[in-house]
Amino acid sequence: MSSEQVRNRLRPFGISFEKSLSDLIKGIRYNNKDPEKLAKFLEDSIQECRDELRMPDMELKSIAILKLTYLEMYGFDMSWCAFKVLEVMSSQKFQHKRIGYLAAIQILQRNNNDDALMLITNLLKKDLSSSNFVESGMAISGIASIVSPELAQDICDDIAKMLNHSKPFIRKKAVLAMYKIFLKYPESLRVYLDRLVDKLEDEDVSVVSASVNVICELAKKNPAHYVDLAPRLYGLLQTSTNNWMVIRLLKLFSSLSVSEPRLRYKLLPELVEKINTTPASSLIYELKITILDTLVYLHLLKLLKFKKI
């Protein structure tokens with residue numbers, strides 16, 4: 001029996017003769033004091049990973065990809081293993097797939113990985129439709145991190161469908177991923193904005209909070225397009241007990257007030273009431289900023305009217 005056959009038999013029992021990620025980290029720490037030894041160790045480690053990626057064993061490949069992902073943070077170009085990353089991502093085992101997505105988030109954002117990104121679309125669509133919602137969530141997170149203009153155009157409809165998923169965990173991730181898609185593929189904003197706005201009335205507060213966050217970021221660039229949402233947003237401001245979401249709503253109204261100054265008159269009584277009732281220091285701070293901004297605006301408005309008279 002060859003040595004390779006012995007290794008293959010022992011791996012299912014947790015016995016491996018290859019270096020793990022822990023071994024790699026220990027080796028880096030051990031050689032860290034000598035730059036020449038460290039460079040030699042890193043070079044040898046990368047070559048070992050290259051050899052492991054040629055093996056048919058998926059467990060071995062996933063560990064090699066995990067080590068290369070760690071080494072990528074040292075500044076090494078790992079774009080050469082992009083197709084091996086896709087292979088690990090396509091594994092049926094969740095622990096391998098998770099490693100593949102981690103590596104994809106780090107490695108597949110490089111400019112020289114366009115070919116790999118072209119091949120990843122079908123894999124992402126498959127994982128999005130998985131019966132395991134954890135896999136679907138992992139795919140959404142991966143899309144949000146590596147999305148390109150071409151990928152956004154191909155995947156936007158699939159992500160939009162996830163906005164109505166039965167799991168709040170998935171709906172929240174889908175809402176946040178839509179923002180990244182809007183940035184890369186602005187034409188999709190016209191088609192899918194209404195679906196995103198509908199999530200302001202979602203039964204789960206985390207989904208509503210994510211929707212407010214996305215609309216807040218979008219309104220910074222073009223607030224006039226979102227003024228019509230003011231009544232819904234004002235209702236959330238009155239009823240929400242989530243301090244973080246209230247802070248985001250205040251920032252959102254600050255953006256909207258640039259296009260619709262009359263919102264300041266409507267907001268001021270509600271702001272005063274909240275600052276007198278909330279015990280949260282972070283919310284009080286944001287309320288004071290918004291109130292001062294509103295009062296300064298009203299004062300300047302009166303001065304302008306006085307000068308005209």
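Predicted model: local features only at pLDDT ≥ 70, side-chain atom pairs only at ≥ 80, totals over all residues.
Let's start with helix 9, residues 149–161. At 1.5 Å a residue, its 13 residues should span 18 Å, and the end C-alpha atoms sit 19 Å apart, which agrees. The helix also bends by about 50 degrees at Ile 155. Ile 155 is one of the buried residues here, along with Leu 151, Ala 152, Cys 156, Asp 158, Ile 159 and Ala 160.

Ile 159 takes us on to the largest nonpolar core, which has 92 residues. Ile 65, Ile 159, Leu 233, Phe 253 and Leu 256 touch the most other members. Helix 12 (residues 205–221) gives the most to this core, with nine residues. If you click on Leu 256, look for its contacts with Ala 219, Pro 223, Tyr 226, Val 227, Leu 233 and Leu 263, leaving aside residues up to four places away in sequence.

Now for the charged pairs: the whole structure has 16 salt bridges. In one of them, Lys 19 pairs with Glu 48, with the closest N and O atoms 3.7 Å apart. Lys 19 lies in the loop between helix 1 and helix 2 while Glu 48 lies in helix 3, so the pair ties together parts 29 residues apart in sequence.

Glu 87 and Lys 61 form another, at 2.4 Å between the closest N and O atoms. This one ties helix 5 to helix 4. Lys 61 counts as buried because its relative accessible area is 7%, under the 20% cut-off, whereas Glu 87 is partly exposed at 27%. Lys 84 joins these two in a network of salt bridges.

Technical notes: Residues numbered from 1 in each chain as written. Heavy atoms only, no water. Helix = DSSP H or I, 4+ residues; strand = E, 2+ residues; numbered from the N terminus. Expected span 1.5 Å × (residues − 1). Bend = angle between axes of the 7 residues up to and from the residue. Buried < 20%, exposed > 50% of the residue type's maximum accessible area, 1.4 Å probe, protein only. Core = buried A, V, L, I, M, F, W, Y, C linked by side-chain atoms within 4.5 Å. Contact = heavy atoms within 4.5 Å. Salt bridge = Lys/Arg side-chain N within 4 Å of Asp/Glu carboxyl O.
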